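Trainee: I am new to this structure and would like to learn how to read it. Could we take the features in turn?

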Amino acid sequence: MSTATIDHLDPDVLRAYIERTRWFAGKGRDLHIGEVTRLGVLPGDGPVVVVHLVEVVYDDAAGGRELYQVPLVFYRDPEPRLEHALVGSWEEPADAPLPGAVHAYDALHDREATAQWLRAFAATPAGGSRTADAFVVHRVPGHELDVDAVPSLYPGEQSNSSVFFGEDAVMKVFRKVTPGVNPDIEVHDVLTRAGSENVAALYAWLEHLDADGSPWQLAMLQQFLRTATDGWTLALGSVRDLLAETVTHALEADAADQVHARDAGGDFAGEAARLGESVRAVHDLLAEQFPTERADAQDAAALAAVLHRRLEAAVDAVPELAEHRDGVAALYDRVAALEGFERQRVHGDLHLGQTLRTSKGWKIVDFEGEPAAPLAERVRPDSRWRDVAGMLRSFDYAPRVVERDFALDHPGTDEARDQRAAEWAHRNRNHFLTAYAGGELSADERLLLDAYTADKAVYETVYETRNRPTWAAIPLRAVAEIGAA
Ligand SMILES: Nc1ncnc2c1ncn2[C@@H]1O[C@H](COP(=O)(O)OP(=O)(O)O)[C@@H](O)[C@H]1O
Ligand SMILES: [Mg+2]
């Protein structure tokens, strides 16, 4: 079957379904469903899995359009086991892969359907590629797939949809898609071939070739990290240990001073340092494998101009930023005066939630880049200090999030909690950064790191003010500290 625009699917049915998924980025916005395209049927003898491309058109002031990948599995009769994933029931035309009345479900929720992807990967020779209908499957050499592994959908919050195949492999089906190379696949392919020990090895990926011969990279299969726990969860656990001890002591007279992050049960500093080493190793390998460039004085001025513009826009949206504006702007002026700095391929969206600790060390996941940026921007060389700043912000958020949880149940311990949260952030940021840098930062490096950290915190104040106003105090405090430095 070739690519076909579909007009028999009820746009309201698709819309209702998309709006209740986890991965849809435009929840709450004014929108309508545009063109719906059928890319093809997954090869194999299992149930009929048809991969659709659904265009979402935004009707609000911001406007724009996005394309989402929606694989549906069609059954002749209702499948009660998949009721939670029902998209709709309708009549397929005579030339459709399953003509007549069908019940359509989100294919990622169906084990029979997801096994179809795994079989398509496994049927492709290691190190080679295979064309099947409208799809091309690529296999990276070095791993024998377990085709009998039992599929299960990743239960967490996600912008894509991941399926675990037993303990052998994990498949990520990209939801928001664009023509061209997917940065997550591209980076994993390069780092896997280069032998990186800090990413989950890439095993295979699936593409669709459109009429112009451009690839659309739709899904990737990679090593399942069996012993993994994500860095965000671990960090929260460490803070909880510290604060639990803190509140106990705080209520026993003024002994709170005696509880410190370094002594508490779940100290994270060793992990933070090892994570710093892993991020450094990934950056070094990215610099070796992808183009690097020396940004000049003009580029530095251009970067500073972008930072200034973002700050001004943020001050308009968050009035509390105004008093810190001059301090932060002075930092950006110093960036404008830099003679130059290095740029390379970076992660682009690095934070503790994109790190996994395994029995074989820390791994970094999800190289799709800054979610809001267009593709061309996401793959462009950038400063590695932008990634480091993302990690530092995450080390600041973790203790603050836990501290807020404790506030309700432990009134009267505010000061002790606040001090220990600040201490945790400080201690772990330092351990991470020292291990990352392997020594002192140069004055220019420190400046870039501070500027990117300020920019990130400024962005967070806008995000929190719009979405979770009571959280805005977390990044505001960080902006105040940087602005005062
Ligand atoms: N190779 C892997 N092995 C085990 N768990 C993984 C692996 N890759 C990702 N995960 C888990 O799945 C989550 C989502 O993966 P991620 O690549 O960040 O998807 P998304 O692009 O939707 O954010 C991660 O936070 C992690 O907990
Ligand atoms: Mg992610």
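Trainee: Is R384 buried or exposed?

Mentor: This is a predicted model, and the values are computed from it. A residue counts as buried under 20% relative accessible area. R384 has a relative accessibility of 16%, so R384 is buried.

Trainee: Which side chain does R384 meet in a salt bridge?

Mentor: Side chains of opposite charge can pair when their charged atoms come close. Here the partner of R384 is D284, at 3.0 Å from N to O. D284 is partly exposed, at 34% relative accessible area. Because D284 belongs to helix α5 (residues 269-289) and R384 to helix α9 (residues 384-409), the pair ties together parts 100 residues apart in sequence.

Trainee: Which residues are joined into one network by salt bridges that share partners?

Mentor: R400, E403, D414, R417, D418 and R477 form that network. The count of salt bridges comes to 35.

Trainee: Where in the chain are the two residues of the pair K172 and D366?

Mentor: K172 sits in strand β11, and D366 in the loop between β18 (361-364) and α8 (375-378); 194 residues separate them. Their side chains form a salt bridge at 3.3 Å, N to O. K172 is buried at 9% relative accessible area, and D366 is buried at 18%.

Trainee: How do I read the sheet, and what is the order of its 7 strands?

Mentor: Strands of a sheet pair through backbone hydrogen bonds, either parallel or antiparallel. In this open sheet the pairing is antiparallel and the order is β7-β8-β12-β13-β11-β10-β9. At the edges are β7 (129-132) and β9 (151-153); each has a single partner strand, so one side of each lacks a neighbour in the sheet. On average, neighbouring strands are turned by 20° against each other, direction ignored.

Trainee: How many bridges pair β11 and β13?

Mentor: Strand β11 (residues 169-173) and strand β13 (residues 215-223) pair over 5 bridges, in the antiparallel sense. In one of these strands, β13, Q223 is the bridge partner of A169.

Trainee: Which strands does helix α3 touch?

Mentor: Helix α3 (residues 183-193) packs on the sheet and touches β11, β12 (202-209) and β13. The direction of α3 makes about 145° with that of β12.

Trainee: What does the UniProt annotation say about residues 17-110?

Mentor: The unreviewed UniProt entry annotates them as "domain: Maltokinase N-terminal cap". In the model this span is 3% helix and 50% strand, and its end C-alpha atoms lie 16 Å apart.

How values were computed: Residues are numbered from 1 along each chain as its sequence is written. Chains are lettered from A and ligands numbered from 1 in the order in which they are written. This is a predicted model: local features need pLDDT of at least 70, side-chain atom pairs count only at pLDDT 80 or more; totals for chains, interfaces and linings use all residues. Side-chain values use heavy atoms; hydrogens and water are left out. UniProt positions are given in the numbering used here, feature names are shortened, and annotations may be inferred rather than shown by experiment. Helices (H or I, at least four residues) and strands (E, at least two) are DSSP runs, numbered from the N terminus. Two strands pair if DSSP finds at least two bridges between them. Axes are lines fitted to C-alpha atoms, for helices over the stretch in contact, and angles run from 0 to 180 degrees between N-to-C directions. Contact means heavy atoms within 4.5 Å. A salt bridge is a side-chain nitrogen of Lys or Arg within 4 Å of a carboxyl oxygen of Asp or Glu. Buried means under 20% relative accessible area, exposed over 50%, partly exposed in between (1.4 Å probe, protein chains only).
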